[in-house]
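Open the structure in your viewer and keep the selection tool ready. This tour moves from one stop to the next.

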Amino acid sequence: MSMTAAQLAAAIPKTELHIHIEGSLEPELIFALAQRNGLSLPYDSVDALRAAYAFTDLQSFLDIYYAGASVLLREADFHDMAWAYFLRARADNVVHCEIFFDPQTHTARGVPMATVINGLSSACDRAQAELGISTALILCFLRHLSEEDAFATLEAAMPYRARFIGVGLDSSEVGHPPSKFSRVFARCRELDLRIVAHAGEEGPPAYIWEALNDLKTERIDHGVRSLEDPALVAELAKRRTPLTVCPLSNLKLCVVDDLKHHPMKRLLDAGLCATVNSDDPAYFGGYMNANFVQTVEALGLSREDVVTLARNSIEASFVNEARRGELMALLDSAID
Ligand code: HPA
Ligand code: ZN
């Protein structure tokens with residue numbers, strides 16, 4: 001059987017570890033939810049909205065991403081958004097997903113924490129029951145907001161502690177180093193939450209060091225700028241800290257100028273536990289398979305690289321050891 005590396009990437013069962021659920025909101029669903037909720041949008045049509053998706057950097061994306069999320073008001077809105085993502089995930093042979101959500105984007109608009117978490121968590125239950133996809137939720141703090149706001153968000157989420165497994169840190173990176181949230185993350189560790197953080201997407205390697213040493217992150221989200229610091233690369237390799245890399249995001253936010261120059265191959269060659277993810281697939285031009293296939297083709301990755309990336313993602317996931325074994329067995333039997 002002669003499958004190409006790209007065909008193999010599309011066919012194998014995969015794990016997704018870096019997906020912002022608000023970034024899965026397609027323009028069609030934004031319009032449908034706006035209509036359902038009686039809201040008007042500053043765009044005349046789905047096409048006009050999609051035409052605005054021409055980003056120059058992270059902030060130019062975030063402005064539109066937060067505007068898109070403003071149509072989410074009711075529990076059903078959060079459920080429908082997540083369910084639409086799970087159907088896309090299923091179509092790409094994704095069998096396990098760890099999903100970021102940004103409660104402050106919603107609570108700041110008066111949407112109760114219960115609405116956000118109940119809507120997302122019922123979609124997660126349905127994905128397990130109807131699609132056989134295992135899931136977990138990770139609450140992200142918005143780093144452009146204050147430490148005090150992050151503490152208040154953690155407090156508001158405590159009644160729902162059983163519904164999410166960990167916390168992350170996202171939004172505008174430069175000017176908001178991980179150390180700004182050292183005390184919040186110390187509290188999260190006391191609560192036995194799993195710890196991740198975005199670092200080294202646009203920010204310098206120093207932010208990755210802070211995420212590791214101050215926040216004690218178990219994974220780094222993005223981390224592509226780690227290659228600028230050989231001592232950091234050595235440390236990430238030694239600790240085997242996973243990087244949740246998002247190639248189409250890096251392209252669309254101008255972190256790389258061409259997928260042919262994407263650092264994925266260099267990260268793998270450096271022995272790092274790099275993984276492929278979609279970040280905000282509705283905004284960046286594709287879900288898991290688009291990210292995997294386009295990266296494989298642009299960089300000429302081998303079938304061995306593809307399997308390494310898929311294994312890395314299983315290794316990096318926060319599943320229990322029984323599920324990890326199942327995921328590895330599913331991958332192994334697909335490769336045979
Ligand atoms: N970086 C930072 N914040 C985000 C991102 C990202 O890629 N996507 C959604 N929020
Ligand atoms: Zn992200």
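In which hand does helix 16 pass helix 17? The crossing is right-handed, meaning that the near helix is turned clockwise from the far one by less than a right angle. This is a predicted model, where local features need pLDDT of at least 70, side-chain atom pairs count only at pLDDT 80 or more, and totals for chains, interfaces and linings use all residues. Residues are numbered from 1 along each chain as its sequence is written, chains are lettered from A and ligands numbered from 1 in the order in which they are written, and side-chain values use heavy atoms, without hydrogens and water.

**Stop one: helices 16 and 17**

Select residues 303–316 for helix 16 and 321–335 for helix 17. Helices here are DSSP runs (H or I, at least four residues), and strands are E runs of at least two, numbered from the N terminus. The two axes come within 9 Å and cross at roughly 165°. Axes are lines fitted to C-alpha atoms over the stretch in contact, with angles from 0 to 180 degrees between N-to-C directions. Helix 16 is therefore roughly antiparallel to helix 17 (the term covers angles over 145 degrees).

Now show the side chains. Val307, Ala310, Arg311, Ile314 and Glu315 of helix 16 contact Arg324, Leu327, Met328, Leu331, Asp332 and Ile335 of helix 17. Contact means heavy atoms within 4.5 Å.

**Stop two: the zinc ion**

Select ligand 2, a zinc ion. His18 (NE2), His20 (NE2), His198 (NE2) and Asp279 (OD) coordinate this ion at 2.0 to 2.2 Å. Donors are N, O and S atoms within 2.8 Å of the metal (3.2 Å for Na, K and Ca); water is not among the atoms, so sites may look incomplete. Next, highlight His20 in strand 1 (residues 14–20) and His198 in strand 5 (residues 194–199). They lie 178 residues apart and link distant parts of the chain.

**Stop three: helices 8 and 9**

Select residues 147–157, helix 8, and 182–190, helix 9. Their axes come within 9 Å and cross at roughly 20°. Helix 8 also makes a right-handed crossing with helix 9. Finish on Glu147, Ala150, Phe151 and Leu154, which meet Arg183, Val184, Arg187 and Cys188.

Terms used. Parallel < 35°, antiparallel > 145°, perpendicular 65-115°, else oblique.
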